[in-house]
Amino acid sequence: MPKCLYNPEVKDAIAYAREEALNSGTLEIMPIHLLLGIVRLENNITATILKNYKFKPDIVRKNILKGEKINTDEKIPVTQSSEFNLKNSAFETFLHQSNIIYPIHVLLTILRYKNEEDMAYQYLKELNMDYDTIQEEFLKYPFSERGKYRQKLSKLFFNKILTELNLSKFLAWV
C-alpha cells in the first residue's frame, strides 16, 4: 500500500489548530482544536458539512477556554488522541481509494472511533453527527471541481476491506 500524504488543507487545519490551542490557553493540540482548524478552512467540503450541522466555533471556543492566550513561537505537541486521529485518517483515505489525506478523513476518523472521553467526539455527537451520516453527506458532493474526492464508494469494496483487512496490520503500514 502506498504511503499516504497530507493534503495542504490538512496542514493548514493543523496550523489553525495550533492557533486555536494557544488562544484557548493550552500548550497541546487536542482533537477539538483540529475541528476548529478544519472549520476555518475556506471552500472546503468538510468545513461546509460542519457548518451545515450547526457547528458553532464561538461556543466551542468558550467551552474549551483554559486561561489566557499563550504567545509562543515554539512547537506545541499534539495529544495522543489527536495523533491517533491524524495517523488513522490514513485508513479512511484508503477506504476512499486515495493516498492523499483530506480534512474529511480526519473528521470521519474522529467519528469512526467514538472516543467518548474526547471533547471533539462529544460535541459532534451532540450535533447528531455520526460516521454513517457524515459518510453519506460527503458522498452526496460531486467529484469536486478540483477532482480530489471520490464521488461514490463501491459498497462491495468497502465491505470487503472492513471484513478482510486486519486493522492492526494496516496501522503497522502507516
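Predicted model: local features only at pLDDT ≥ 70, side-chain atom pairs only at ≥ 80, totals over all residues.
Of the chain's 174 residues, 44% count as buried. The secondary structure comes to 10 helices and two strands, running β-α-α-α-α-α-β-α-α-α-α-α from the N terminus. Take the contacts between residues at least 6 apart in sequence, and 69% of them join residues at least 24 apart.

**Helix H3 and its ends**

- H3 spans residues 45–52, and its buried residues are Ile45, Thr46, Ala47, Ile49 and Leu50.
- An α-helix has 3.6 residues a turn, so residues three or four places apart point the same way.
- The cover over the buried residues of H3 includes helices H2 (31–39), H6 (103–113), H7 (119–126) and H8 (131–140).
- After H3 comes lysine 54, which has a positive phi, near 65°.

**The nonpolar core**

- The largest nonpolar core holds 44 residues, and Leu35, Leu50, Phe55, Leu107, Met129 and Ile134 have the most contacts inside it.
- Helix H1 (8–23) gives two or more residues to this core, and so do H2, H3, H4, H5, H6, H7 and H8.
- Leaving aside residues up to four places away in sequence, methionine 129 touches Ile49, Leu50, Tyr53, Leu107, Leu111, Leu124 and Ile134.

**Aromatic pairs**

- Searching the whole structure turns up two aromatic pairs.
- Phenylalanine 55 and tyrosine 123 make an edge-to-face pair, because their planes sit at 80°, with the ring centres 5.3 Å apart.
- That pair links distant parts of the chain: phenylalanine 55 is in the loop between H3 and helix H4 (57–64), tyrosine 123 is in helix H7, and they are 68 residues apart.
- Phenylalanine 55 and tyrosine 123 are both buried.
- Phenylalanine 84 and tyrosine 113 also pair edge-to-face, at 5.0 Å centre to centre and 80° between the planes.
- Since phenylalanine 84 belongs to helix H5 (residues 80–95) and tyrosine 113 to helix H6, this pair ties together parts 29 residues apart in sequence.
- Phenylalanine 84 has 37% relative accessibility, so it counts as partly exposed.
- Tyrosine 113 is partly exposed as well, with a relative accessible area of 25%.

Methods: Residues numbered from 1 in each chain as written. Heavy atoms only, no water. Buried < 20%, exposed > 50% of the residue type's maximum accessible area, 1.4 Å probe, protein only. Helix = DSSP H or I, 4+ residues; strand = E, 2+ residues; numbered from the N terminus. Contact = heavy atoms within 4.5 Å. Phe/Tyr/Trp six-rings, centres within 6.5 Å; stacked < 30°, edge-to-face > 60°. Core = buried A, V, L, I, M, F, W, Y, C linked by side-chain atoms within 4.5 Å.
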